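Please look through the sequence and the model below before reading on. The numbered points that follow are meant to be checked against them one at a time.

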Amino acid sequence: MNTGPAATNRPAATSAPTSANSAVATNATVVTNIASLVTNDPSLGDGSPLGLIQDAAVVIEGDRIAWVGESSKAPASDNRVDAAGRAVIPGFVDSHSHLVFAGDRTAEFNARMSGQAYKAGGIRTTVAATRAATDAELSANVAKYMWEALRQGTTTFETKSGYGLTVEDEARALRIAAEHTDEVTYLGAHIVAPEYADDPAAYVKLVTGEMLDACAPHARWVDVFCEKGAFDGDQARAILKAGMAKGLQARVHANQLTYGPGVQLAVELGAASADHCTHLTDADIDALAQGDTVATLLPGAEFSTRAEWPDARRLIDVGVTVALSTDCNPGSSFTSSTPFCIALAVRDMLMTPDEALWSATAGGAAALRRTDIGHLTPGARADLVLLDAPSHVHLAYRPGVPLIAEVWRKGVRAV
C-alpha cells in the first residue's frame with residue numbers, strides 16, 4: 001500500500017511522554033486499555049503502514065487527537081474511558097456514495113439475482129422518483145443513510161448529485177447534501193437526462209453551462225461517468241475542465257463496465273480519484289502508478305451486480321494508492337457498510353486485512369485530499385472507532401458480525 005499521499009502535510013506525530021504524569025488539559029479525554037491501536041502512521045508503534053501500538057491509549061482534546069502511545073505512559077486526566085481491551089481504528093472515510101435519491105430498485109436487483117431480464121429504467125427510475133420527492137423527503141433519506149453508515153464506523157462521508165439531471169433538481173440535491181457533509185460532488189453528468197436522449201451534445205452544454213453555474217456554489221467536487229452509454233472521453237474532459245474552471249476539484253467514474261479513457265483522463269487532469277477501476281490496461285496501471293490520482297475500489301458494486309472484481313493486488317503491488325468505499329446507491333450497491341466492503345476486498349480482491357483497513361481510512365482520506373482524517377496522530381481530527389474485538393483483522397475475519405462498539409466523531413461519542 002502506498003502511504004505517501006495520505007501522509008502529505010499531515011500534522012507531525014509526537015512520541016509518548018516520558019512520564020505518566022505529563023501535563024494534559026483538564027478537559028481532555030483519555031481512552032486507555034486499548035488492545036491494539038491503528039494510527040496509520042508508520043513512524044509510530046510497530047513501524048508498519050498501520051502504525052500499530054499494542055496496549056495503547058489516546059488523548060482527545062476538543063475535536064483533535066492530542067497524544068497517542070502506550071497505555072502505561074498516558075497523561076493523567078480525570079476523564080478516562082476504558083476501552084476494555086478493544087481495538088481502536090480511525091473512523092472510516094467513505095469517499096464515494098450517492099445518497100440524494102428517492103425510491104429503490106428492488107425489482108431490478110431481484111431480477112438480476114434471479115437471472116431474469118429487467119427492462120425498467122435503471123438510473124432513470126431513480127431520476128423519476130427523485131424529481132418527484134420533496135426536499136424534506138430527500139434530506140431525511142440522506143440523514144437516514146448517513147446515520148446508518150455512522151453506526152458502522154463511517155465518520156466522513158462524500159456524496160453526489162446525479163439523480164435530478166435538471167438545473168433545479170441538481171442544485172437542490174447539492175444544497176441538501178451540503179446540509180449533511182462538506183464533501184459534496186456535482187454529478188450532473190451521471191447519465192444523459194431523458195429529455196436529451198436524442199441530443200447528448202445539448203445536455204453536455206447544459207451540464208457545463210447553466211447547470212454548473214447553479215451547482216458550483218454548493219459543491220467541492222465535479223464528477224462524470226466516463227463510460228460507454230454515458231459520456232465519452234471528449235465529453236468527460238469538457239465537463240471536468242468546465243467544473244475545474246469554476247473552482248471545483250475533479251474525480252471520475254472510470255472504467256467500471258469496460259475498458260475506456262476514464263482512468264487516463266483522470267490522471268491527465270490531476271483528478272483526486274478514479275473510481276471503480278474494474279477494467280484496466282497496462283497503460284492505465286502505469287498512469288496511476290506515475291500520477292497522484294487515487295484508485296478508489298467499490299466492491300459493493302461488483303457484489304451487487306455479479307461483475308468482475310477489480311484487481312486490487314495488481315494496483316497495490318506497483319505502488320498505486322488505493323481507497324475502498326461503499327458506492328452506496330439504490331441501483332448497483334445498496335450498502336452503507338464499510339466493514340462489509342473490507343470483508344469483500346479481503347476475500348475477493350486479494351487485499352490483506354491491513355491493506356483493506358488502510359484503504360478504507362487513510363486511502364479514503366487521500367481520495368478526498370484530506371490530511372486531517374484517516375489517521376490517529378496528534379493534530380488529526382478525533383474520529384475513532386472502538387471495535388468489539390482485540391484486532392482490526394476481525395473486520396474481515398468475522399464478516400457480517402456487528403463489531404462496532406463505539407464511534408467517536410470530532411472528539412464526541414456519536415454512537
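Predicted model: local features only at pLDDT ≥ 70, side-chain atom pairs only at ≥ 80, totals over all residues.

1. Helices (H or I, at least four residues) and strands (E, at least two) are DSSP runs, numbered from the N terminus.

2. Residues are numbered from 1 along each chain as its sequence is written, and side-chain values use heavy atoms, with hydrogens and water left out.

3. Leu368 has a relative accessible area of 0%, and it is therefore buried (under 20% relative accessible area, where exposed is over 50% and partly exposed lies in between, with a 1.4 Å probe and protein chains only).

4. Leaving aside residues up to four places away in sequence, Leu368 touches several others, among them Val93, Ser95, Trp221 and Arg251, where contact means heavy atoms within 4.5 Å. Asp94 lies 274 residues from Leu368 along the chain, yet their C-alpha atoms are separated by 9.3 Å.

5. Strand β12 (residues 273–276) runs parallel to β11 (residues 252–254), joined by three bridges, and two strands pair if DSSP finds at least two bridges between them. Within this pairing, Ala254 has His276 as its bridge partner in β12.

6. β12 also pairs in the parallel sense with β13 (residues 294–297), over three bridges, and here Ala274 has Ala295 as its bridge partner.
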